[in-house]
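Subject: Structure handover

Hello,

Please find the structure below. My notes on it follow.

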Amino acid sequence: MTKWTPKHEAPEPLEGPVVATITGGTIVWFVLFLVQLPFYGWFDDHGHTWWLWTCLAGGGLGLIGIWYVRKRDAALKRAAALKEATAK
C-alpha cells in the first residue's frame, strides 16, 4: 500500500469567521423551521413532518455548535496571547 502513502505533510487548517458561519447556518435552520410550521397539516397529510423536525434538529445542533466554536475561538485567542506574552 505504498501507493497511498502521503508524500507531504497536510496543510494547516484554514481559519475564517467560524463563529459567524455557524451562527448564520443556525439562523437558516430556525428560519426554515418557522417558515414550514404554518404548513404542518399539509406536511402531516403527506408524510413529510420529518422536514420540520430536521430543521428544528439542525437549529438545535447549531446552538451546540455556536457554543462549541465560541469556546474554541476563545481558547485559540488565549493560547495566542500566552504565546505572545512568553515570546517577549
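Is Trp 51 buried, partly exposed or exposed? With a relative accessible area of 34%, Trp 51 is partly exposed. Here buried means under 20% relative accessible area, exposed means over 50%, and partly exposed is in between (1.4 Å probe, protein chains only).

Before the rest, some notes on the basis. This is a predicted model, in which local features need pLDDT of at least 70 and side-chain atom pairs count only at pLDDT 80 or more, while totals for chains, interfaces and linings use all residues. Residues are numbered from 1 along each chain as its sequence is written, and side-chain values use heavy atoms, with hydrogens and water left out.

Confidence

The average pLDDT (the predictor's confidence in each residue, from 0 to 100) of the protein is 92, and 98% of the residues score at least 70. Helix H1 (residues 18-36) has the highest confidence, at 97, and helix H3 (residues 49-87) the lowest, at a mean of 95. Helices (H or I, at least four residues) and strands (E, at least two) are DSSP runs, numbered from the N terminus.

Helix H3

The expected span of a helix is 1.5 Å times one less than its number of residues. For the 39 residues of H3 this gives 57 Å, and the end C-alpha atoms are 57 Å apart, which agrees. The buried residues of H3 are Thr 49, Leu 52, Cys 55, Gly 58, Gly 59, Gly 62, Gly 65, Ile 66 and Val 69. H1 and helix H2 (40-45) are included in what covers these buried residues, where contact means heavy atoms within 4.5 Å.

Two threonines show this packing in detail. Thr 26 is found in helix H1 and is buried, at a relative accessible area of 4%. Leaving out residues up to four places away in sequence, Thr 26 touches Gly 59, Gly 62, Leu 63 and Ile 66. The side chain of Thr 26 also reaches the backbone oxygen of Gly 62 at 3.3 Å. That falls under polar contacts: a pair of N or O atoms within 3.5 Å, where within protein one must be able to donate a hydrogen and the other to accept it, and residues adjacent in sequence count only if both atoms are side-chain atoms.

Thr 49 has its place in helix H3 and is buried, with a relative accessible area of 18%. On the contact count that leaves out residues up to four places away in sequence, Thr 49 touches Tyr 40, Phe 43 and Asp 44.

Aromatic pairs

A pair of aromatic rings is described by the distance of the centres and the angle of the planes. Rings of Phe, Tyr and Trp (its six-membered ring) pair if their centres lie within 6.5 Å; planes under 30 degrees apart count as stacked, over 60 as edge-to-face and the rest as tilted. The structure holds 5 aromatic pairs. In one of them, the rings of Phe 33 and Trp 53 have centres 6.2 Å apart and planes at 40°, so this pair is tilted. The pair links distant parts of the chain, with Phe 33 in helix H1 and Trp 53 in helix H3, 20 residues apart. Phe 33 is buried at 10% relative accessibility, whereas Trp 53 is partly exposed at 42%.

Phe 43 and Trp 51 form an edge-to-face pair, 5.5 Å centre to centre with 65° between the planes. Phe 43 is buried, with a relative accessible area of 6%. Ring pairs link Trp 42, Phe 43, Trp 50 and Trp 51 into a cluster.

Salt bridges

With a salt bridge taken as a side-chain nitrogen of Lys or Arg within 4 Å of a carboxyl oxygen of Asp or Glu, the count comes to 2. One joins the side chains of Glu 15 and Arg 72 (3.0 Å, N to O). Glu 15 lies in the segment before H1 and Arg 72 in helix H3, so the pair ties together parts that are 57 residues apart in sequence. Glu 15 is partly exposed at 49% relative accessibility, and Arg 72 is partly exposed at 31%.

The side chains of Asp 73 and Lys 77 also meet in a salt bridge (3.4 Å, N to O). These residues are 4 apart in helix H3, about one helical turn. Asp 73 is partly exposed at 30%, while Lys 77 is exposed at 56%.

Regards
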